[in-house]
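Dear colleague,

Please read the notes alongside the coordinates.

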There are 2 protein chains.
Amino acid sequence: MEGEKERAVVLLSGGVDSSTTVAVALDEGYEVYALTVDYGQRHRREIRSAREVSERMRVREHRVLRLELSGLVHSALTGDGDVPRGRSEAEIGYGIPETYVPARNTVLLSLGLAWAESIGASAVFIGANSVDYSGYPDCRPEFISAFEEAAALGTRCGQLGGRIRIRAPLAGMRKSEIIALGARLGVEFDATTSCYDPSGENGLACGECDSCLIRKRGFEDSGLEDPTRYAGGGRACSED
Amino acid sequence: MEGEKERAVVLLSGGVDSSTTVAVALDEGYEVYALTVDYGQRHRREIRSAREVSERMRVREHRVLRLELSGLVHSALTGDGDVPRGRSEAEIGYGIPETYVPARNTVLLSLGLAWAESIGASAVFIGANSVDYSGYPDCRPEFISAFEEAAALGTRCGQLGGRIRIRAPLAGMRKSEIIALGARLGVEFDATTSCYDPSGENGLACGECDSCLIRKRGFEDSGLEDPTRYAGGGRACSED
């Protein structure tokens, strides 16, 4: 019965990970409420992708929340400094990148939590994973657990003995595994956007930032075709 | 030396508690960065009070961040339902009030944390206290501690071995004690606003919502004069 499904808020940026997370939540039987936070990120194409993904999947409701985080924090992703390009896998995996947005997942999860509590959802899903992005502190499982604990103490629901689960189902997966999972669950990756800095005409993915490089490599490793059109050079794999 | 002071972000709503918290942070020697989140609350007069308080105190910088939380959550404080009036002290202290905003302090602290990390602040102060407001889960010390733990795990600073403290110096205090402390530290309470639903001409405090009642009682118990002009009846105490 549609009306009896448990609800889940899923944080949806419009990329591979969050779109796959929507698919996981749907597959687990949740009624999905997708939340996109428009925090002034450079890659505004993400917002359009999030809308597209929500429409194509059976998302119950999709909200875009505007938050002028760029006035408060400094990051290459909110318009300060350059997005690194052409880095090697070792470089991408090492240290905290300039694209780290201070406390971003804490902010995103708290907003997801607020909505979840308001609509009586029993879980907040986030696409965080720490294998390819080892440099982001707020993608680690320890952080997710600690946030869930704080959420239990800081909500009405928690005080009344309930618990809103904070779920990061992709936590231990590599990009290629995420892509394979998403494909199996019906994610249409042509609707997703990964690029940190879409440039050129039609906002094509640059193909050189960390996110594009990890995406390309993920599709290669998974043996699936990357439907992305990259600036200056067609698709990553063969045309279908 | 001004330049060598440690920085602290203080969440400032413009009420008695947060204004006193600014004073505590200043008194401890911090350079204060005040953050007001305009989350669509009914009592928009708070925003003006926050500006006024920041100007009168030696706040280094004051930011007002707009966040359309009212589109996401339901609460008497964001425009849904009526703000309760004329309740007894026992009623105010019992249960979770309609004025509870889902996960509000989690959201506010996460935004404070984002700014703190961005400017290299070592603490985020919040005026939360759980004696008069026992019904708000996110005002309890257990929540504050759990959030600090999550913050340590979810920030670059935490990953590098540092720690942004989450401070709630008023946690164990009654309103009368907070007022006495604020007065001693030079808070000018005529600049502050407590009312959940300022009405009438010039946005006077209603004098009947939980927040007005706790404020009135706090001034009475502290033996200090309440400079507030309440709707329909002059000041709470004698004119000065």
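Which residue is the bridge partner of Val10(B) in β4(B)? The partner of Val10(B) is Phe125(B), and in β4(B) Ala8(B) is likewise bridged, with Ala123(B) as its partner.

Before the rest, a word on conventions: this is a predicted model, in which local features need pLDDT of at least 70 and side-chain atom pairs count only at pLDDT 80 or more, while totals for chains, interfaces and linings use all residues. Residues are numbered from 1 along each chain as its sequence is written, and chains are lettered from A and ligands numbered from 1 in the order in which they are written.

The sheet

Helices (H or I, at least four residues) and strands (E, at least two) are DSSP runs, numbered from the N terminus, and two strands pair if DSSP finds at least two bridges between them. On that basis chain B holds an open sheet of five strands with parallel pairing, in the order β3-β2-β1-β4-β5, whose edge strands, β3 (61-66) and β5 (165-167), each pair on one side only.

Strand β1(B) (residues 7-11) has four of its five residues buried (20 or more other C-beta atoms within 10 Å of the residue's own, the C-beta atoms being placed from the backbone), so β1(B) is largely enclosed by the rest of the structure. Five bridges join β1(B) in parallel to β2(B) (residues 31-38), where Arg7(B) stands opposite Glu31(B), and three bridges, also parallel, join β1(B) to β4(B) (residues 123-125).

The helices

β1(B), α1(B) (residues 16-27) and β2(B) make a right-handed β-α-β unit, meaning that, with the strands pointing away from the viewer, the path from the first strand over the helix to the second runs clockwise.

α1(B) also packs against α7(B) (residues 175-184) at an angle of about 40°, with their axes 9 Å apart; axes are lines fitted to C-alpha atoms, for helices over the stretch in contact, and angles run from 0 to 180 degrees between N-to-C directions. Residues in contact (C-beta atoms, placed from the backbone, within 7 Å) include Val16(B) and Ala23(B) of α1(B) and Ile178(B) and Gly182(B) of α7(B).

Finally, α4(B) (residues 104-119) lies across β1, β2, β3, β4 and β5 of chain B, running at about 140° to β2(B).

With best regards

Terms used: A residue is buried if 20 or more other C-beta atoms lie within 10 Å of its own, exposed if 12 or fewer, and partly exposed in between; C-beta atoms are placed from the backbone. Two residues are in contact if their C-beta atoms, placed from the backbone, lie within 7 Å.
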